[in-house]
Amino acid sequence: MIIAEQKPIPEIAAQVRQCRRVLVLGCGGCVTVCQAGGEKEAEILASALRLMGVREGWDTQFDAAAITRQCDPEYLEGIARKVAEYDCILSLGCGVGVNFLAERFRRTWVVPGLNTKGAGATLEAGVWEERCLACGDCILHLTGGICPITRCSKSLLNGPCGGSQGGKCEISPEVACGWQLIYDRLKELDRLDLLLEIREPKDWSRTHDGGLRRVVKEEARL
Amino acid sequence: MVDDGAGALTAERPGGDVAEREARFEPKIVAFCCYYCAYSAADLAGSMRLQYPPNVRLIEVPCSGRVDPALLLRALEEGADGVYVAGCMEGDCHFQQGNFRAKRRVGAVKRLLAQIGWEPERVEMYNVPASDGARFAQVAREFTERIRQLGPNPARGRKVRS
């Protein structure tokens, strides 16, 4: 899923305080799972902004709503009439949701309530962590399912750098060396032979180059 | 809003000028009380004929873990001057973890209130065993006095929610 976290409320407030009617819009997708921008979080944020408005003397109305997903056109159509009543949407979707709302509702000011962190997983209740940088050219079959692009601070392809000490990365004693993790796992699986082959430089043009990456599945089109 | 039909929530009496009304500020306090402990303790306090301030309005919840930040904020929006959650003693929750969850959520609301310029002291978490009516009354007195010192909720008497 996409993982995200809410911006500090004063930062959000600065984005919307000039608006008269603000729709705090949650998303029922990934950000509901990581408890950053679902229906409940939208309700709490709207409530907090209303209380802040009382203290600061704003004349702004904040209402909360949520839709199933902010990244699918059909769900945006479902709120078009409601959106027309507001001059601002404070989106609690990921960055994709904010972009998509702004594209659909061209006369409405759309602002982000979250900072999008990446593609991650749930480590335990209340803890989420990145696992994929969406590089567009997966090589996890060569590295025992542990991603060197995401895990290695330099995204190296042929083993660790000299900054790997005691299994940790030189950027922080808290950060595991991605290549140590890969080595340990391949050793457990008796597949160290995979490390003998030299990997060519990665084709980063599949990552973010030449415009937006688009996926087309012909048989899924209408 | 001042009242919204819930007449019992209004501790203020009408009449008098502003200074006079402020001088006799009586906090409106909402207490979310766990059925298994604090709510029973309130009954016990009554049976023991212990006095506690009439400012505190109890809302029974099946577990303090039922309370989430949205409920606490809503109480403030509706004009409560202070809100507290009273759950079981730590380790004694009927549902194992509910009171710890409530404690973390109250902490989260305190941090949120600090961010938006409100006094975090307007919300609190207490642990009150069912067997301790005196503790229930003491908590009610303590919290009422704290809120009396803080003064009225700035949202009081205003329509905050649309």
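**Parallel sheets, packed helices and the A–B contact**

Strands E3(B) and E4(B) run parallel and are joined by 5 bridges. Within this pair, Val83(B) has Val123(B) of E4(B) as its bridge partner. The model is a predicted one.

Phe32(B) faces Val85(B) of E3(B). Cys33(B) stands opposite Ala86(B) in E3(B). These pairings belong to an open sheet of 4 strands, ordered E2-E1-E3-E4 in chain B and paired in parallel. The edges are held by strand E2 (56-61) and strand E4 (123-127) of chain B. Each of these has a single partner strand, so one of its sides has no neighbour in the sheet. From one strand to the next, the twist averages 20 degrees.

Burial of E3(B) was examined next. Of its 6 residues, 6 are buried, so the strand is largely enclosed by the rest of the structure. Its residues point in two directions. Gly82(B), Tyr84(B) and Ala86(B) point one way, and Val83(B), Val85(B) and Gly87(B) point the other way. Residues of both sets are buried. Across chain B, 44% of the 162 residues are buried.

The overall layout of chain B comprises 5 helices and 4 strands. Along the sequence these follow the pattern α-β-α-β-α-β-α-β-α. Among contacts in chain B with a separation of 6 or more, 76% join residues 24 or more positions apart.

Helices pack on the sheet of chain B. Strands E3 and E4 of chain B are touched by helix H4 (residues 98-115) of chain B, whose direction makes about 160 degrees with that of E4(B). Helix H2 (residues 38-47) of chain B meets another helix, H5 (residues 133-150) of chain B. Their axes come within 7 Å and cross at roughly 100 degrees. H2(B) and H5(B) are therefore roughly perpendicular to each other. On the H2(B) side, the contact is made by Ala38(B), Ala41(B), Ala42(B), Leu44(B) and Ala45(B). H5(B) contributes Gly133(B), Arg135(B), Phe136(B) and Ala137(B). By class, the residues of this contact are 7 nonpolar, 1 polar and 1 charged.

H5(B) was then considered along its length. At 1.5 Å a residue, its 18 residues should span 26 Å. The end C-alpha atoms of H5(B) are 26 Å apart, which agrees. The buried residues of H5(B) are Gly133(B), Arg135(B), Phe136(B), Ala137(B), Val139(B), Ala140(B), Phe143(B), Thr144(B) and Ile147(B). An α-helix has 3.6 residues a turn, so residues three or four places apart point the same way. The cover over the buried residues of H5(B) includes E1, H2, E2, E3 and E4 of chain B. After H5(B) comes Gly151(B), with a positive phi near 95 degrees.

Chain A also contains an open sheet. Its 4 strands are arranged in the order E3-E2-E4-E5, with parallel pairing. E3 and strand E5 (109-112) of chain A are the edge strands, and each pairs on one side only. The twist averages 25 degrees from one strand to the next. Strand E2 (residues 21-27) and strand E4 (residues 88-91) of chain A run parallel and are joined by 4 bridges. Val22(A) has Cys88(A) of E4(A) as its bridge partner. H3(A) packs on this sheet and touches E2 and E3 of chain A. The direction of H3(A) makes about 175 degrees with that of E3(A). Helix H6 (residues 95-104) of chain A lies across E2, E4 and E5 of chain A. H6(A) runs at about 175 degrees to E5(A).

The contact between the chains takes 16 residues from chain A and 17 residues from chain B. On the side of chain A that touches chain B, helix H1 (9-16), helix H3 (39-56) and strand E3 (61-67) of chain A each supply at least two residues. H3(A) gives the most, with 11 residues. By class, this side of chain A has 8 nonpolar, 2 polar and 6 charged residues.

Notes: Residues are numbered from 1 along each chain as its sequence is written. Chains are lettered from A and ligands numbered from 1 in the order in which they are written. This is a predicted model: local features need pLDDT of at least 70, side-chain atom pairs count only at pLDDT 80 or more; totals for chains, interfaces and linings use all residues. Axes are lines fitted to C-alpha atoms, for helices over the stretch in contact, and angles run from 0 to 180 degrees between N-to-C directions. Angles under 35 degrees count as roughly parallel, over 145 as roughly antiparallel, 65 to 115 as roughly perpendicular and the rest as oblique. Two residues are in contact if their C-beta atoms, placed from the backbone, lie within 7 Å. Ala, Val, Leu, Ile, Met, Phe, Trp, Tyr, Cys and Pro count as nonpolar, Asp, Glu, Lys and Arg as charged, and the others, Gly among them, as polar. Two strands pair if DSSP finds at least two bridges between them. A residue is buried if 20 or more other C-beta atoms lie within 10 Å of its own, exposed if 12 or fewer, and partly exposed in between; C-beta atoms are placed from the backbone. The expected span of a helix is 1.5 Å times one less than its number of residues.
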